[in-house]
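Visitor: I've got a structure to look at and I'm new to this. Could you walk me through it?

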Amino acid sequence: MSFYGLVDGSDSSLRKYLGALSGVDQVGADARAAMLATRSIKTSSKRWAIDTAISMVDLTTLEGADTPGKVQALCTKAVRPDPTNSSVPSVGAVCVYNDMVAVARKHLDLVGGAHVGLAAVSTAFPSGRASMPVKIQDTQDALDAGASEIDMVIDRGAFLSGNYIDVFNEIVQIRELCGTKAHLKVIFETGELTTYDNVRKASFLAMAAGADFIKTSTGKIAPAATPPVVLVMLEAVRDFYQMTQTRIGVKPAGGIRNTKDAIKQLVLVNETAGPEWLTPSLFRIGASALLNDLLMQRMKMDDGYYASPAYVTID
Amino acid sequence: MSNRIDVKKTYKLFINGAFPRTESGRTYEIKNAKGTFIANPCLASRKDLKDAVVAARAAQSGWNKASAYNKGQILYRIAEMLEGRRAQFVDEIITVTGVTKVKAEKEVTDSVDRLVWYAGWSDKLSSLSGALNPVAGPYYNFTVPESMGVIAAIAPESPSLLGLIDAIAPIIVGGNTVIVLASTKAPLSAMSFAEVIATSDVPAGVINILTGKKDEIAPWMASHMDIDGFDISGLAAKSHGAVRIAGAENLKRIYSFKSADPGRILAFLENKTVWHPIGL
Amino acid sequence: METQVSFEYAPAPESRSVVSIKPKYGHFIGGKFVAGSKHFPTINPATEEVLSQIALAGKADVDAAVKAARKAYTTTWSKMSGKERGKYLFRIARIMQERAREFAVLETLDNGKPIRESRDVDVPLAAAHFFYHAGWADKLEFAGLGTSTKPHGVAGQIIPWNFPLLMLAWKVAPALAAGNTVVLKPAESTSLTALLFAEVCQQAELPAGVVNIVTGDGSTGALIVNHPGIDKIAFTGSTEVGKIIARAVAPTQKSVTLELGGKAANIIFEDAAIDEAIEGIVNGIFFNQGHVCCAGSRLILQESVADEVLEKLKKRMAQIRVGDPMDKNTDLGAINSKEQLLKIRELSATGDSEGAERWSAPCDLPKKGFWFPPTIFTGVTQSHRIAREEIFGPVLSVLTFRTPQEAIDKANNTPFGLSAGIWSEKGSRILWASQQLRAGVIWANTFNKFDPTSPFGGYKESGWGREGGRHGLSAYLKGVGHE
């Protein structure tokens with residue numbers, strides 16, 4: 001692999017590449033994110049923003065208690081989020097544990113959801129604490145069962161102890177496994193990386209290793225997709241585009257629960273990476289409860305009065 | 001040995017660690033209270049002042065960089081040297097002013113003690129005037145006193161030695177360099193004091209001493225654009241207004257003091273506030 | 001969804017209805033509003049709409065204000081305990097917080113600054129200044145400023161148009177805390193929030209004459225500066241006027257503090273956190289339309305990162321939203337006056353004629369009102385006028401350096417010394433640079449931050465004295481530091 005010519009796959013070249021990155025000042029990044037949160041968008045744009053946000057949702061269920069029935073219901077909802085209104089777009093993808101991929105694949109195809117992505121969380125999600133053969137097998141299972149997107153976790157232990165090359169090599173191997181069959185999203189678990197410097201470093205590491213998307217969190221650890229973390233990742237994809245002419249996607253996941261939060265994320269995208277990223281192929285939001293709030297806000301805009309949760313389906 | 005002709009001293013200026021004559025060649029006559037001729041000190045010119053400012057400016061950054069401990073030790077060293085030459089200063093004060101020996105000795109004693117007092121301030125100024133400011137945000141914010149730069153001073157007519165020390169020590173203890181105009185009527189102890197300085201590890205240019213006429217030199221000092229501050233304690237109050245007007249051209253900090261207190265040191269220090277974010 | 005609809009921000013205008021502007025104002029003297037004789041219009045610089053008629057104080061008005069201030073000082077304020085004085089200041093702080101929206105809207109209408117800034121910076125900081133100084137009023141003997149804790153008496157205070165209410169707070173709060181009474185003159189083009197503040201004084205039941213506000217132009221200011229009944233002058237404004245004041249008070253016993261111009265260097269080292277540095281550059285020069293004495297108006301870039309920084313900076317500048325100051329999304333509002341706009345244009349033109357390269361962010365400027373786009377000049381050297389003179393507008397001059405010492409030498413090569421910025425991720429370099437820079441406020445990895453506890457003020461020709469913190473308080477007490 002060429003790694004965009006940025007590194008040659010050796011530890012020393014990776015260290016040199018990551019060492020050249022500028023730092024992130026936490027207070028400054030927090031202040032910029034807070035300032036962007038004060039933007040208010042036009043009513044006409046808001047409707048577009050809600051539909052865009054719906055189309056960007058990776059509708060997620062990642063519970064130990066997941067069952068085929070739950071996953072099937074999720075798939076139905078993903079394809080037609082509002083059964084009473086066909087103008088509501090489908091979501092970007094459903095996101096499930098990889099033993100549920102086959103169920104989801106079958107059901108999506110059944111309900112006319114071939115256009116909806118099917119993301120599987122792999123590589124010993126959420127902790128990433130397994131041997132590499134297990135992680136490879138885990139991913140291969142998901143691919144074999146029909147996943148079109150692989151959401152892998154990085155080895156945070158390796159990252160935090162400075163074994164960047166191990167993290168890099170894992171991503172490279174999973175990337176090779178995905179080939180052209182699936183998009184690869186690399187999850188950092190930013191809540192465990194703790195610093196914005198680490199988030200920036202992990203972003204550049206993952207992008208050079210071949211990630212199609214960089215993703216904040218598993219949803220199992222708080223804090224997750226805070227606006228400044230997403231800001232730092234958006235700055236990274238913007239800079240990476242300058243370096244390689246390749247646009248990498250960003251997926252915040254965890255903690256984005258309502259329309260207001262989602263629109264704040266879109267403002268961050270618009271002002272940081274740029275409007276080119278305002279598309280489901282480059283920006284996704286990993287969420288479960290968010291979709292219903294988006295639907296209720298959409299109803300409110302159409303009807304002129306506040307909607308009741310009774311009018312949106314719980315799964 | 002009453003027939004011996006004694007060797008008299010030529011009183012010169014003290015600029016950049018050297019003892020030049022005034023470039024103007026001008027001198028004036030000093031007589032004692034009884035009208036007996038004593039000496040022909042220099043009547044410093046505008047060019048002498050300029051040279052002194054150049055020397056003071058060149059020396060300032062190095063002097064400022066010296067640690068507070070070091071500055072304190074150097075001031076203390078001046079006191080040591082002065083103590084060692086007490087007799088000479090007592091004689092000179094008596095010769096010029098005609099005061100009693102007891103009074104002259106007291107002035108020299110006070111001068112030594114005053115130097116020691118100022119010496120001790122060097123490493124306490126930032127705890128006196130510095131601050132850690134609890135700003136409402138994730139920032140570390142502190143204020144520290146810093147040297148102002150090149151300061152001019154007019155020493156009072158009397159006491160000629162103690163007044164000179166009050167015009168020098170508080171200015172230099174915080175890292176400034178100084179050009180001081182000595183007492184016009186009694187410049188002898190000032191020029192002898194320059195000899196003390198020259199043997200006290202004080203870097204060249206940190207202290208520069210001129211002799212001459214106040215009304216001539218004060219306006220030059222006030223209008224010199226490379227002088228940052230001006231102690232006019234030794235200047236008659238009626239001249240303060242004009243000096244302040246001239247000093248406004250570069251917004252010189254111009255002060256007059258009545259006593260020796262830490263405020264006298266702080267007046268010629270700037271306060272610098274530094275902000276830095278606190279984050280991971 | 002691939003058909004892109006533009007992602008537009010709404011004009012989200014703050015409602016004007018919270019303020020009621022009278023057609024005509026007088027002065028606030030002795031606790032009452034008194035009619036003026038002559039008047040001049042004050043306009044909204046974003047629309048050129050006349051907002052009101054402001055009184056022009058002449059000798060009789062200034063005399064009356066000084067007399068009221070003296071009477072209040074002698075009979076009331078100097079006799080009151082610090083504890084009680086402090087309570088009035090606390091009241092004022094609280095009322096300003098309660099009426100914050102009103103102040104913010106009025107400030108934006110009269111000054112042209114974005115509502116986001118008046119709402120999030122000017123007004124809350126102004127209230128914070130009163131709250132902070134309120135606490136000093138009964139603790140003056142513990143301020144560590146020596147044993148003299150006597151006020152000067154009557155303070156004459158002249159403030160600028162760039163932060164009208166905030167500068168009022170910087171002046172009035174410490175003066176009152178220290179026990180002085182005040183005659184304050186707001187800037188000619190921005191008197192409205194000061195007049196609203198007069199109402200706050202009334203609501204706080206501040207004793208009559210403790211705060212007097214006279215409006216007018218430079219002639220009114222001169223009457224205050226030269227008034228024999230005033231003991232202390234505090235001025236914020238241009239270095240040029242500062243020098244005039246310094247000369248005017250030279251023969252008198254008046255104590256003076258001056259907060260004047262600047263030409264701050266904002267130094268970006270190659271190891272800076274670049275994205276935050278970009279934000280710092282933008283905040284440094286485009287905050288408040290660059291109408292900031294401490295604005296980071298000289299960007300001094302390490303050559304190794306100059307291209308990257310400039311490319312990112314231009315992209316970021318293109319996102320600056322210029323326009324209606326009442327729109328909550330606006331980043332850059334109107335230039336405060338036609339006069340100031342002409343000055344910015346004139347100085348910018350010298351940048352062109354002296355061979356610097358101008359780049360302005362593409363933006364549609366409103367037809368009416370006074371506007372100037374965010375602009376940078378590259379290829380600027382120390383000898384350019386735009387590298388030396390205060391433009392006081394959204395115009396940034398860019399210079400480069402190769403070694404840290406060169407950056408410091410360039411930064412210090414100015415008669416000003418108000419503020420400076422340093423951007424580096426290396427701690428020892430930041431501390432080194434902050435020691436080397438000859439300026440009263442050093443922002444390291446941040447810029448344009450203010451706080452009542454933090455002394456602010458300049459070296460060299462940027463002024464005399466500090467405002468804020470214990471150091472600022474000392475300016476309102478007699479015999480601190482020197483006679």
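Guide: Chain C has 15 helices and 17 strands. Keep in mind that this is a predicted model, where local features need pLDDT of at least 70, side-chain atom pairs count only at pLDDT 80 or more, and totals for chains, interfaces and linings use all residues. Residues are numbered from 1 along each chain as its sequence is written, while chains are lettered from A and ligands numbered from 1 in the order in which they are written.

Visitor: What radius of gyration does chain C have, and why does that agree with a compact globule?

Guide: The radius is taken over C-alpha atoms, and the globule rule is 2.2 Å times the number of residues to the power 0.38. For 483 residues, a compact globule would come out near 23 Å, so chain C agrees with its 22 Å.

Visitor: Which element supplies the largest share of the side of chain B that touches chain C?

Guide: Contact here means C-beta atoms, placed from the backbone, within 7 Å. Chain B brings 31 residues to the contact and chain C brings 35 residues. With eight residues, the largest share of chain B's side comes from β10(B).

Visitor: What is the bridge partner of B:Trp275 in β16(C)?

Guide: Strands pair if DSSP finds at least two bridges between them. Here, three bridges join β10(B) to β16 (residues 441-444) of chain C, and the two run parallel. In β16(C), the partner of B:Trp275 is C:Trp443.

Key. Contact = placed C-beta atoms within 7 Å. Helix = DSSP H or I, 4+ residues; strand = E, 2+ residues; numbered from the N terminus.
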